[in-house]
Amino acid sequence: MKNILRFFMIITTSLLSTILIIMIIAVICSGLGIMFVVDTMENTTKISIPEAVKEKSSYIYSINNDTGEYDLIYKVTPYTGNAHIDIDIDTLPEYIPAAFVCVEDERFYSHDGVDIKTTAFAVIKEILRCCGIISPEMTGGSTITQQLVKNITGDSEITADRKIREIFRAVNLEKKYTKDEILEKYLNIIYFGQTPDGYNMYGIEAAAIGYFGVSASDLTVAQAASLAAIPTSPNSINPIVDYTANDERKKYCLRKMFEHGIISPFQYEKALNEKLITADKTSDSSLITLSEYPDDFKNPEPTTWVIDTALSEFCDYLCEAENISRDEAMNRFMSGGYELYLTVDEKIQSHLEEKYSDFTYFPENTAEYINENEELVVETAQSAIVVMNYKGQIKGIVGRIGKKTDSFGWNNAIDAHRQPGSTIKPLTVYAYGIENNLLTWSDMFNDTPLTAGTASEEAWPANYTQTYSEKLFTTNEALLNSLNTIPAQLCNRYGTQNIFDFTTSVMRLPLNENTDISYAALSVGATGTGPSLVSLANSYMPFGNGGLYYKAHIINRIKDSSSKRVYVEKDARKGIRVISEETSFIMNKMLRNVITDGTGKNALLTNKQNIGKTGTTEHYRDITFVGLTEDFVSAIWIGYENGTNSYAIKNTNSALVWKKVFGEFADNYVSDARFPECESVIYTDYCAESGMPASKGCTSGGKGFYKSDNCNYCDVKHKNLIRK
Ligand SMILES: [Zn+2]
């Protein structure tokens with residue numbers, strides 16, 4: 001029996017060893033492959049250590065209306081919100097940097113930035129982790145140089161290509177700097193966790209003060225080992241949060257230091273016996289505290305909506321231009337010496353922020369629901385608004401109602417993707433039909449649902465009144481009454497693919513090709529996810545400026561640290577003609593009727609012409625209004641942010657809220673801007689019977705606007721038939 005057991009053990013052991021050897025060989029081979037590519041690709045991944053003290057602050061400016069000059073609205077330094085004190089490595093006892101080398105990267109002095117042996121083990125560990133054999137926190141395998149790269153770039157996303165780039169960068173860094181320079185910067189930049197009073201500690205000096213109340217140069221061997229134990233998992237393996245876990249790794253570090261001859265047997269023994277007391281557990285007044293350092297160390301005020309929007313756009317640009325992650329782009333802003341000049345109008349912005357400071361202007365809507373933790377949640381309906389001019393310059397933006405408490409938090413105007421409801425109709429069937437001469441102002445349609453083309457073959461869609469009049473409506477009447485039936489018929493007639501292509505590539509409304517090539521999405525705005533509020537407003541712009549699209553943007557220009565202009569978004573500057581002047585003019589007139597005679601009556605202004613469209617999604621889950629004045633394009637959304645999709649927004653008219661929070665401001669905005677005229681469009685009576693421009697003998701049904709190349713006069717032989 002014993003022999004059989006032994007036999008099996010031998011078999012198992014040798015099998016495992018063989019597998020391990022194969023794995024190691026595979027990993028080493030691929031490691032060599034990487035080393036080979038490094039030389040050929042080094043130019044693409046050049047990196048330099050920013051000199052800590054000279055790291056650049058970044059600034060954001062917006063235009064002051066009164067002076068016409070740019071005002072500084074945001075400044076960020078690499079130290080903002082972080083405790084970060086640079087020190088010279090020469091001031092430290094040798095055992096301090098050595099402690100980090102021992103525990104983080106034993107072969108630091110012999111490798112060229114990447115440790116093939118460590119990388120090989122890391123890959124094996126990764127495989128074991130994937131198989132569930134070891135826990136995630138046991139993996140690692142980055143050299144000190146690689147960790148420095150990660151810290152300089154802020155790129156901590158773990159994907160294969162980023163890992164490979166990190167390796168290239170580490171190798172380049174080693175060619176450029178000495179080991180001591182790399183180690184010094186590493187010790188000055190790495191994250192050491194947070195103190196109980198909220199300081200984020202970066203670098204060994206801040207950590208020494210934060211954890212032990214002493215300068216790094218005064219750390220004992222045991223204290224140094226305790227700090228060296230932290231970077232692997234700063235928020236958990238630190239002596240304040242988990243003394244035992246830290247102690248265990250500290251002992252491991254001390255043993256390594258002893259084995260490498262860094263400390264003597266006597267020092268080793270002494271350090272093992274030293275009882276560490278962290279600064280939070282003593283009232284020793286001789287200790288130094290981080291509160292003696294500058295205010296920059298403390299967490300700054302929450303960022304504004306404008307700053308959040310600007311930095312989101314900055315990251316979009318930098319991610320795309322440099323193929324880096326958002327984290328890295330943000331990190332570059334924080335210490336890269338950028339200057340952003342914004343398009344925001346401070347007067348409009350402060351007006352909107354005032355309206356959004358509390359719920360005064362928003363009818364009260366709350367919903368109660370049970371969340372996934374089976375807790376009762378009471379949620380208040382939220383709102384967002386964006387205002388831009390006809391060049392796509394964002395003049396004001398607010399992402400939520402109420403006091404803003406977080407930096408770079410959720411912004412309903414740019415982050416939320418809600419169903420646009422009926423606000424989608426002008427951008428889909430109506431503009432498509434008119435632009436392509438398939439539809440006129442007064443083409444007539446019966447207000448009846450489709451019975452074909454829907455999955456259930458049931459009558460669809462319902463009008464928002466839940467009734468069908470079975471009466472004839474002109475195109476203009478269907479739009480101003482926001483009927484659902486007629487857009488569905490138009491969708492059926494033109495084809496969903498054609499409408500989808502037009503809406504996404506001509507009107508540039510971002511939709512989802514997996515869910516939105518459908519009647520529901522294109523005729524009533526029941527999209528899968530939905531465009532952002534900014535994108536929705538942006539797509540309406542051509543209806544107010546003669547058919548041109550300028551991409552919405554909040555950054556006018558970006559300067560980098562050398563003060564060269566590095567970024568002017570060409571698309572944003574250059575208007576793109578997306579629909580003809582005639583189509584734009586006719587759409588403008590129809591959207592004007594929405595305000596004067598239709599569902600948008602509550603948005604009617606006194607001094608200015610304005611046009612717009614209401615939108616309500618199924619069961620009043622979201623209500624939206626897109627409002628265009630002669631100066632501005634704007635859109636407002638009201639709805640629930642979280643798990644309350646089945647709750648209705650009650651007693652709220654989006655057109656009215658729009659008027660109260662922005663319309664009245666726009667009404668009194670001093671300017672001589674006017675909606676463009678279009679001389680070539682024909683304004684004439686239409687025939688009450690045929691819906692075509694009226695000829696002699698027709699009974700007039702009203703007046704309409706017609707494109708010059710799609711104005712076919714009535715040729716019906718009338719027998720005194722009266723419409724309806
Ligand atoms: Zn006629």
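Visitor: Why does S690 count as buried?

Guide: A residue is buried if 20 or more other C-beta atoms lie within 10 Å of its own, exposed if 12 or fewer, and partly exposed in between, with the C-beta atoms placed from the backbone. S690 has 22 C-beta neighbours inside 10 Å, so it counts as buried. Please note that this is a predicted model, in which local features need pLDDT of at least 70 and side-chain atom pairs count only at pLDDT 80 or more, while totals for chains, interfaces and linings use all residues. Residues are numbered from 1 along each chain as its sequence is written.

Visitor: Where does S690 lie, and which residues is it in contact with?

Guide: S690 belongs to the loop between β20 (682-687) and β21 (700-706); helices (H or I, at least four residues) and strands (E, at least two) are DSSP runs, numbered from the N terminus. Contact requires C-beta atoms, placed from the backbone, to lie within 7 Å. Leaving aside neighbours within four places in sequence, S690 is in contact with C714 and V716. Between S690 and G701, 11 residues apart in sequence, the C-alpha to C-alpha separation is 9.4 Å.

Visitor: Is E374 buried or exposed, and how do you know?

Guide: E374 has 6 other C-beta atoms within 10 Å, and it is therefore exposed. Its place is in the loop between β7 (366-370) and β8 (376-380).

Visitor: What makes the phi of E374 worth a remark?

Guide: Most residues other than glycine have a negative phi. E374 is not a glycine, yet it has a positive phi of about 60°. E470, also not a glycine, has a positive phi of about 60°. E470 is found in the loop between β11 (444-446) and β12 (472-474), and it is exposed because 9 other C-beta atoms lie within 10 Å.

Visitor: How many residues of α2 are buried, and what covers them?

Guide: Nine of the 10 residues of α2 are buried, so the helix is mostly covered. Among what covers them are α4 (144-153), α6 (179-189), α8 (221-228) and α9. One of the buried residues is F100.

Visitor: How do you know whether F100 is buried or exposed?

Guide: F100 is buried, because 25 other C-beta atoms lie within 10 Å. Not counting residues up to four places away in sequence, F100 touches L187 and A228. F100 and L227, although 127 residues apart in sequence, are 8.4 Å apart in space, C-alpha to C-alpha.

Visitor: What makes a set of residues a nonpolar core, and which members of the largest one touch the most others?

Guide: Such a core is a set of buried Ala, Val, Leu, Ile, Met, Phe, Trp, Tyr and Cys residues joined through C-beta atoms within 7 Å. The largest has 117 residues, of which A310, I385, V386 and A537 touch the most other members. Helix α11 (residues 305-322) gives the most to this core, with eight residues. Apart from it lies another core of 56 residues, including F168 and V221.

Visitor: Why are β3 (82-84) and β4 (191-194) called edge strands?

Guide: Two strands pair if DSSP finds at least two bridges between them. Three strands form an open sheet in the order β3-β5-β4, with mixed pairing. β3 and β4 each pair on one side only, and they are the edge strands. β3 pairs with strand β5 (residues 200-202) in the parallel sense over three bridges, and H84 stands opposite Y202 in β5.

Technical notes: Contact = placed C-beta atoms within 7 Å.
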